[in-house]
Amino acid sequence: MAHAQISKYLPPDINPTKAAIAYGCRALPKLNEELNSEDLLTRQKALMALCDLMHDPEYVYEAINLGFLESLKSLLKDNDDVVRIKTTEVLYIMATHNVGRNGFLENDIILALSFLMDDPYTLCRQNLHQAFKYLAQLPS
């Protein structure tokens, strides 16, 4: 007779770096809650998911209206290097859209980004410079 064994390992098709995203109008508010979480892994997963979503200008517009830029601005000061790198990546992706660049100017993101000019991680500085490159295209 066969016995059932429960494995202590995760199934091979589950990626622990991906966050489960809610659908519809609840997706971005849920991610904003997770960005403000005390748990490091939750913040990292939310940033990974946000990187994927911010390629769509509609999500960028909705994120700016929901106050994501304030949450991201506070994450720029995080002690964890992955959080800072992914935050600058999200901001760089948002800066590729015109609505994101206007949101940067309205929410004083430029000043918050400028404190990372001497960040010890190259990826963080590269994302920062990419965001500034796109911001320089805006006449205002």
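Is Cys51 buried or exposed? Cys51 counts as buried, because its relative accessibility is 4%; buried means under 20% relative accessible area, exposed over 50%, and partly exposed in between, with a 1.4 Å probe and protein chains only. Cys124 is likewise buried, with a relative accessible area of 0%. The structure holds zero disulfides, a disulfide being a pair of cysteine sulfur atoms within 2.5 Å.

The model is predicted: local features need pLDDT of at least 70, side-chain atom pairs count only at pLDDT 80 or more, and totals for chains, interfaces and linings use all residues. Residues are numbered from 1 along each chain as its sequence is written, and side-chain values use heavy atoms, with hydrogens and water left out.

In soluble globular proteins, nonpolar side chains tend to be buried together. Here the largest nonpolar core has 36 residues; such a core is a set of buried Ala, Val, Leu, Ile, Met, Phe, Trp, Tyr and Cys residues joined through side-chain atoms within 4.5 Å. Among the elements that give it two or more residues are α1 (27-35), α2 (40-53) and α8 (122-135), while α5 gives the most, with seven residues. Helices are DSSP runs of H or I with at least four residues, numbered from the N terminus.

Leu91 is one of the residues with the most contacts inside this core. Beyond its neighbours within four places in sequence, Leu91 is in contact with residues including Leu72, Phe104 and Ala131, where contact means heavy atoms within 4.5 Å.

Leu31 lies in helix α1 and is buried, at 3% relative accessibility. Residues up to four places away aside, Leu31 touches Ala46, Ala49, Leu50, Leu53 and Phe68. The C-alpha atoms of Leu31 and Ala46 are separated by 5.7 Å, although the two are 15 residues apart along the chain.
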